[in-house]
Amino acid sequence: MPAVHPLDTPLFLTRGARSVIGPAKEAAAHAGTMSTLQITDGRVLLPDMSVETGDVLVNQDSGDIVAVGDVETGDETLNADGCLIMPGLVNAHTHAAMSLLRGYADDKPLDAWLREDIWPAEASLTPEDVRAGTELALLEFIESGVTSFADMYFHEPEVVDAVADAGLRARLGHGVVTVGKDEADAVADNEESLAFAREYDGAADGRVKTAYMPHSLTTVDEALLREFTAEAREAGVPLHFHANETRDEVDPIVEERGMRPLAYADDLGMLTDEDFVAHGVHSDASEIELLAERGTAVVHCPASNMKLASGAAPVQAYREAGATVALGTDGAASNNDLDVFDEMRDAAMLGKLAAEDASAVPAEAAVDMATRGGADALGFDAGRIEPGANADLAVVDFSATHLTPVHDYVSHLAYAARGSDVRHTVCDGRVLMRDREVETLDADAVRARAADAAANLD
Ligand SMILES: CSC[C@H]1O[C@@H](n2cnc3c(O)ncnc32)[C@H](O)[C@@H]1O
Ligand SMILES: [Zn+2]
């Protein structure tokens with residue numbers, strides 16, 4: 001049989017076919033009233049996971065996708081020859097500044113790792129450290145096609161500034177821990193989280209959205225969770241928290257309260273369709289149903305869950321129940337990178353192992369969780385290549401040895417591609433990385449500042 005490279009084969013050719021475009025935007029594009037970016041000569045991953053030959057036209061003023069297929073010439077072009085244009089990846093749970101703690105403490109379970117190593121190190125992090133660590137993470141995101149993320153940390157206004165400069169999209173929150181604090185400090189920590197959420201929502205030209213972020217159901221006092229969740233609801237602020245990550249976290253709640261942790265969260269009003277929880281490893285059937293019923297998304301963090309030996313989340317069961325499932329790296333200290341391509345592969349592999357079923361969490365599911373699922377969890381109109389959606393895109397070069405041959409693009413995205421295969425990254429219609437050169441950050445300076453900050457850690 002002759003070897004025909006799929007990149008040389010016209011798949012579902014749409015050249016000459018009508019483009020999918022809204023009439024108002026088409027008129028504006030023709031009238032030359034908006035500046036446009038045309039991503040040319042590539043193939044496009046469509047929302048139904050099919051791949052078509054065609055271009056993507058982006059309105060750089062609104063940051064939206066204008067057309068897909070056979071499009072008008074743009075004011076600016078981005079060459080995607082030999083590439084797949086896919087929705088930008090979404091890292092739906094991380095602690096960006098923990099990039100400074102990459103490799104700082106390994107090979108321990110969550111509780112010992114946090115108490116013996118991570119929390120003591122974090123106690124001396126300054127706002128400047130958080131800025132340096134966050135910028136390092138954002139550089140890694142852009143270099144690996146991540147266009148949006150959710151961050152829970154402290155000194156979070158620094159994260160807002162870093163996101164504004166780097167050009168990414170994010171859902172940000174100040175993480176609250178009240179264990180070990182006196183009443184006044186515990187209240188102040190919650191107030192800071194809510195005040196941050198109120199003040200910074202809509203920052204960075206609307207690319208930053210916020211949330212009230214209690215760390216978990218066991219590290220924040222019940223009365224404060226109840227009080228501040230109610231305040232968050234009144235202010236229209238969503239919630240994000242760690243839930244059901246380890247057995248050591250779940251068992252005491254069940255013993256002390258006689259109810260499952262997510263039933264307890266529900267009783268506190270913490271589960272709505274705006275909220276999203278991280279991990280959900282040790283959820284039983286009733287909790288899986290509850291999340292699906294409430295529309296609360298769950299962010300699966302397979303690498304962190306494996307490294308800390310927390311367990312394997314029931315991802316296939318969540319998806320079968322109709323819950324929204326996203327992917328997250330967690331912090332770089334428990335991963336130890338921020339590459340969402342790794343997360344897709346890990347989610348598919350671990351999902352099969354957990355379900356003892358090789359057909360569980362197929363490639364399409366992994367890609368869906370890293371794109372549409374992530375955007376839905378974070379409340380962004382992104383995660384799909386369609387007119388009207390945010391132009392958050394990753395252009396993946398399929399010419400590498402480890403991506404040859406191409407029988408199936410989606411299979412390669414889930415199982416074989418790496419962050420370093422991303423050639424261009426676009427967020428909100430702006431090119432953040434072109435031909436692997438990051439345009440919004442000085443990569444050498446970012447790495448140097450982060451290395452300095454890490455060298456000065458206690
Ligand atoms: C109070 S800001 C967020 C807080 O979370 C810590 N953290 C990092 N990884 C995890 C994890 O897997 N489970 C729970 N908490 C985690 C981080 O170090 C910050 O202190
Ligand atoms: Zn976390």
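Glu 122 belongs to helix α2, which covers residues 110–122; helices here are DSSP runs of H or I with at least four residues, strands are runs of E with at least two, and both are numbered from the N terminus. When neighbours within four places in sequence are set aside, Glu 122 is in contact (heavy atoms within 4.5 Å) with Met 98, Leu 101, Tyr 153 and Phe 154.

Glu 122 is listed with His 215, Glu 245 and Asp 330 under the UniProt annotation "binding site", which comes from an unreviewed entry. The lining of the largest pocket takes in Glu 122, His 215, Glu 245 and Asp 330 from this set. UniProt positions are given in the numbering used here, feature names are shortened, and annotations may be inferred rather than shown by experiment. On a 1 Å grid over the protein atoms alone, a pocket is an open set of points, where a 1.4 Å probe fits, with protein on both sides within 12 Å along at least five of seven lines, and lining residues have an atom within 4 Å of a point.

## Glu 245 in its loop

Glu 245 is found in the loop between strand β12 (240–243) and helix α7 (247–257), and with a relative accessible area of 4% it is buried. Not counting residues up to four places away in sequence, Glu 245 touches Leu 110, His 279, Val 281, His 282, Asn 305, Leu 308, Ser 310 and Asp 330.

## The second annotated set

UniProt also lists His 93, His 95, His 242 and Asp 330 for "binding site", again in an unreviewed entry. Although these residues are spread over 238 residues of sequence, they cluster in space, with a largest C-alpha distance of 11.9 Å. From this set, the lining of the largest pocket takes in His 95, His 242 and Asp 330.

His 93 sits in strand β7, residues 89–94, and is buried, with a relative accessible area of 0%. Its contacts, leaving aside neighbours within four places in sequence, include His 240, His 242, His 279 and Asp 330. His 242 lies in strand β12 and is buried too, with a relative accessible area of 5%; among the residues that His 242 touches are His 93, His 95, His 215 and Asp 330. The side chain of His 95 makes a polar contact with the side chain of His 93 at 3.3 Å and with that of His 242 at 3.4 Å. A polar contact is a pair of N or O atoms within 3.5 Å; within protein, one must be able to donate a hydrogen and the other to accept it, and residues adjacent in sequence count only if both atoms are side-chain atoms.

## The sheet that holds β12

Strand β12 belongs to an open sheet of 4 strands in the order β12-β13-β14-β15, with parallel pairing, where two strands pair if DSSP finds at least two bridges between them. Strands β12 and β15 (325–327) stand at the edges, each with a single partner strand, so one side of each is left without a neighbour in the sheet.

Strand β13 (residues 276–279) and strand β14 (residues 297–300) pair in the parallel sense over 3 bridges, and Val 277 has Val 298 in β14 as its bridge partner.

## How to read the values

Residues are numbered from 1 along each chain as its sequence is written, chains are lettered from A and ligands numbered from 1 in the order in which they are written, and side-chain values use heavy atoms, with hydrogens and water left out. In this predicted model, local features need pLDDT of at least 70 and side-chain atom pairs count only at pLDDT 80 or more, while totals for chains, interfaces and linings use all residues.

Key. Buried means under 20% relative accessible area, exposed over 50%, partly exposed in between (1.4 Å probe, protein chains only).
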